Amino acid sequence: MQSKLIIGNWKMNGSLARNETLLVGLVTQCCAGRAPAGAKLGLCVPYPYLMQARDILRGSSIAWGGQNVSQYDAGAYTGEVSAGMLQELGCTYVIVGHSERRSLFGETSEIVASKAKKALSHGLTPVVCVGETLAEREAGLAEGVVVGQLATVSAVLQGNLAKAVIAYEPVWAIGTGLTPDQETIQTMHRVIRVHLTAELEERHRVTIAEQPLVLYGGSLSASNSKAIFSVPGVDGGLIGGASLVLDDFLAIAQA
Ligand code: PGA
């Protein structure tokens, strides 16, 4: 069985002291045998804490990454952080197109696609988030919205899409404590896989073995993760709130 990928997204949370407790705790627990056998772990932290994460996680089995990246290489883009900078700090992953970036900061699927492309060109794995709002789901548009978001990214990444990670995150499940039922998750993961297979195998002749992982995200917790990770097609999780609590994050990874 392919190991599951479990990525924490701290969002805009943390302090040097709190992070140290959490990161050292994670490394210690993983070394002490609480390392989940079938899981690969990563943490996406706020930019100012990347060096701290690198210094503590280096040499462990836990990877680190950013929560956003600029679509530009360098220059007069005040407040932006480039893929090259993330690469220099040893990042493995970078989240792109999180629904909070899309809804609060106006990121379109075109911008998300160019960020993913830039990340890949610097050897980073973009974790591309897709997902529908509640209104879109209630209007029967969920699958169309998700495929539309994916299609823009696929058109830009082409065969390199195989090197990305996709995270299906229904917007209404993020931070709300609500999760879709297992059938809904399975259906959407199947829709995503069908799209990826068509893009990669049929259009770009990339074999299925190289297909991207598809994670689920949205209110994953210690209590629901086992059930959600057992859903066919779910290759792991993107975890927000619970990644800030050592025992919860470890419990999810062990699930
Ligand atoms: P949540 O966030 O686990 O707190 O719902 C998930 C995410 O936003 O990636």
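Trainee: Where is the place of Gln211?

Mentor: In this predicted model, Gln211 belongs to the loop between helix H8 (182–203) and strand S7 (214–217).

Trainee: Does Gln211 count as buried or exposed, and why?

Mentor: Gln211 counts as buried because its relative accessibility is 10%, and the cut-off for buried is under 20%.

Trainee: Which residues is Gln211 in contact with, leaving aside neighbours within four places in sequence?

Mentor: Those residues are Ala162, Arg193, Leu196, Thr197, Leu200 and Glu201.

Trainee: And which side chains make a polar contact with the side chain of Gln211?

Mentor: One is the side chain of Arg193, at 2.6 Å. Another is the side chain of Thr197, at 2.9 Å.

Trainee: What lies 2.6 Å from an oxygen atom of the ligand?

Mentor: An N or O atom in the side chain of His98 does.

Trainee: Which residues have a backbone N or O atom 2.7 Å or 2.9 Å from a ligand oxygen atom?

Mentor: For Ser219, a backbone N or O atom is 2.7 Å from an oxygen atom of the ligand. For Gly241, a backbone N or O atom is 2.9 Å from a ligand oxygen atom.

Trainee: What share of the ligand's accessible area does the protein cover?

Mentor: On its own the ligand has 280 Å² of accessible area, and the protein covers 94% of that.

Conventions
Residues numbered from 1 in each chain as written. Predicted model: local features only at pLDDT ≥ 70, side-chain atom pairs only at ≥ 80, totals over all residues. Heavy atoms only, no water. Helix = DSSP H or I, 4+ residues; strand = E, 2+ residues; numbered from the N terminus. Buried < 20%, exposed > 50% of the residue type's maximum accessible area, 1.4 Å probe, protein only. Polar contact = N/O pair within 3.5 Å; in protein donor to acceptor, adjacent residues only side chain to side chain. Contact = heavy atoms within 4.5 Å. Areas by Shrake-Rupley, 256 points an atom, 1.4 Å probe, with all protein chains shown as cover.
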